Protein chains: 2
Amino acid sequence: MPKKIGRYTLKMTKKTNIEEFCSVVGKKEGDGPIGKHFDKIFEDSYLGQSSWEKAEAQLQLEAVQGVLKKANLDSSQINYIFAGDLLNQCISSTFGLMDLGIPFLGQYGACSTMAQTLAMAAIMVDSGAAQRCIAVTSSHFCSAERQFRFPLDYGGQRSPSAQWTATASGSLILSSENGKSHVEHVTIGRITDLGIKDQANMGAAMAPAAARTLKDFFEDTSTSPADYDLILTGDLGEIGKKLLLELLQKDGIDISGNHDDCGLMIYDRNNQDVHAGGSGCGCSASILCSVILKKLKNKELRNILFVATGALMSLTSAQQGESIPGIAHLINIREFS
Amino acid sequence: MPKKIGRYTLKMTKKTNIEEFCSVVGKKEGDGPIGKHFDKIFEDSYLGQSSWEKAEAQLQLEAVQGVLKKANLDSSQINYIFAGDLLNQCISSTFGLMDLGIPFLGQYGACSTMAQTLAMAAIMVDSGAAQRCIAVTSSHFCSAERQFRFPLDYGGQRSPSAQWTATASGSLILSSENGKSHVEHVTIGRITDLGIKDQANMGAAMAPAAARTLKDFFEDTSTSPADYDLILTGDLGEIGKKLLLELLQKDGIDISGNHDDCGLMIYDRNNQDVHAGGSGCGCSASILCSVILKKLKNKELRNILFVATGALMSLTSAQQGESIPGIAHLINIREFS
């Protein structure tokens with residue numbers, strides 16, 4: 001069962017294994033540098049559905065059906081599914097997954113949701129409450145744009161600091177039995193707000209939360225950045241990444257040697273016109289559940305920190321002039337030694 | 001640590017205690033039959049804030065500050081807070097609770113959220129991952145009306161089957177140490193959709209989920225309705241209640257002798273013009289965290305089932321002609337013998 005380490009970190013004491021993982025993405029993500037690692041690429045942004053919201057629900061269902069198939073499991077063998085997304089009332093998750101018949105626990109952590117679902121799944125498996133859980137999340141460029149920004153047809157101009165919401169979903173199965181890598185530690189974040197109000201600069205709004213959670217983790221575990229092969233943040237993008245490195249350096253923590261950001265990995269920023277990088281729950285989910293977990297499986301990576309970050313705002317809070325509070329949850333994943 | 005009982009139920013094996021609870025409500029709820037049991041009643045629907053959304057965030061903060069005060073605890077003594085609400089991107093929870101500095105896990109289960117936050121808190125405490133967790137949720141009539149239905153100024157006419165979203169918040173502290181009652185079992189629900197599309201008839205949309213979860217629980221624990229002093233559903237209202245009794249009767253389960261519904265308790269339906277009853281996350285949360293937990297504390301109740309129900313729709317899904325899937329999570333709470 002999970003053991004408290006320091007103030008904010010839990011150590012999993014049994015093997016909390018990543019049994020399988022799956023990623024499904026849209027065309028633009030498939031055309032990017034990680035393209036060959038994704039399990040499925042959809043050329044049609046509607047996935048054959050009648051709306052982008054239904055397309056996103058379908059994307060999430062495809063990711064779950066995909067991971068079940070790869071693990072050769074049936075949905076009845078999953079005890080709980082932890083799922084969430086960016087749409088109002090998380091309808092991608094509920095409409096996408098409702099026919100599976102798996103006990104459902106909706107999670108909301110904005111773009112930190114993949115780390116949150118994974119954390120909850122790990123705790124359930126490690127505590128013995130579940131034998132197998134699925135963690136899944138998604139985002140879709142078109143459903144997010146029209147909900148949070150402008151109708152796509154309007155063709156609004158994007159600020160250089162804006163990030164591109166990935167059309168993507170990532171899923172994984174946490175299991176008490178089989179797997180090539182496992183969750184070793186979990187650090188749940190605290191909401192952090194330094195007063196950023198610019199909706200087109202989410203990276204800057206989320207970086208302080210990532211810095212805080214990383215600091216909590218290093219303190220709790222008495223480790224340092226050099227102990228990890230890779231420190232992978234969710235989707236801070238170009239501006240958030242710089243700010244994170246600066247904030248940590250002020251505390252004497254240097255992650256510049258082994259840091260990368262999912263928002264900077266998913267697109268070719270020189271040729272794909274995404275401004276400051278990728279974003280959306282599906283961005284970090286699909287990067288984790290493709291190239292990263294593959295590298296852990298192949299022992300190209302052995303010990304990583306996955307720190308997904310979320311901006312906890314809504315269109316209403318932004319219109320009412322509120323700032324953008326951020327949150328970041330951290331998962332330490334290791335290969336089996 | 002939590003032990004699996006049957007297919008869908010977890011039994012808490014340590015004492016997972018309800019250390020304290022708190023409820024804060026608006027004027028209409030204070031004027032209702034449960035009025036004298038609430039900790040705080042706000043006459044001003046804005047709670048001194050500049051918008052109803054900020055008022056709801058304040059309501060949730062008041063409930064958390066209230067429960068901390070009653071337990072004589074500081075926020076630094078809480079390991080995790082599980083919180084959620086009905087507003088887009090759960091901004092009542094994030095903006096209300098961000099300054100507390102407690103590791104934050106946003107939950108989304110629509111009006112089932114109080115049972116979900118309580119379930120997660122119980123599992124964390126029982127597994128040893130936490131010593132103390134807070135579970136909290138809220139709703140506000142004015143913020144919900146304008147988000148899901150019409151601007152209040154429009155004065156739209158309400159259907160007889162419609163329910164009144166409660167302006168209310170309920171919170172409790174789950175603890176491994178002190179308490180007068182404890183969580184004994186948790187059953188996490190599966191999404192259930194029988195095709196109801198009428199947004200003004202949420203009770204009918206949620207009743208099948210409540211029936212399914214109750215059936216799962218009775219099967220898993222080999223118990224029957226007569227084993228419990230009270231079976232309390234979330235906010236099915238008049239129509240949902242009738243449907244629930246009918247659905248269970250078809251399976252040979254009769255709960256008519258000891259069933260009540262939070263949506264039918266919170267208002268005086270003869271004099272308060274709320275049509276089919278109350279609803280909203282805060283409805284079941286404030287009823288549980290006032291009169292019900294008081295009765296367990298005083299041993300007027302000894303063994304109850306709390307079954308909060310949620311309608312997992314959004315304005316967008318409704319406008320796109322989708323049905324309203326429901327979910328219900330069950331918590332079995334007992335006094336200490």
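Accessible areas come from the Shrake-Rupley method with a 1.4 Å probe, and for residues only the protein chains shown count as cover. By that method, chain A exposes about 11000 Å², with 45% of it supplied by carbon and sulfur atoms.

This is a predicted model: local features need pLDDT of at least 70, side-chain atom pairs count only at pLDDT 80 or more, and totals for chains, interfaces and linings use all residues. Residues are numbered from 1 along each chain as its sequence is written, chains are lettered from A and ligands numbered from 1 in the order in which they are written, and side-chain values use heavy atoms, leaving out hydrogens and water.

| Property of chain A | Value |
|---|---|
| Box filled by the C-alpha atoms, along the principal axes | roughly 50 × 50 × 35 Å |
| Radius of gyration (over C-alpha atoms) | 18 Å |

What about burial? Buried means under 20% relative accessible area (1.4 Å probe, protein chains only), and 68% of the 337 residues of chain A count as buried.

So who sits in the middle? A nonpolar core is a set of buried Ala, Val, Leu, Ile, Met, Phe, Trp, Tyr and Cys residues joined through side-chain atoms within 4.5 Å. The largest one has 114 residues, and Met124(A) and Leu172(B) are among the members that touch the most others. Contact means heavy atoms within 4.5 Å; leaving aside residues up to four places away in sequence, Met124(A) touches residues including Phe82(A), Cys133(A) and Leu10(B).

Technical notes:
Rg over C-alpha atoms; globule rule 2.2 N^0.38 Å. Buried < 20%, exposed > 50% of the residue type's maximum accessible area, 1.4 Å probe, protein only.
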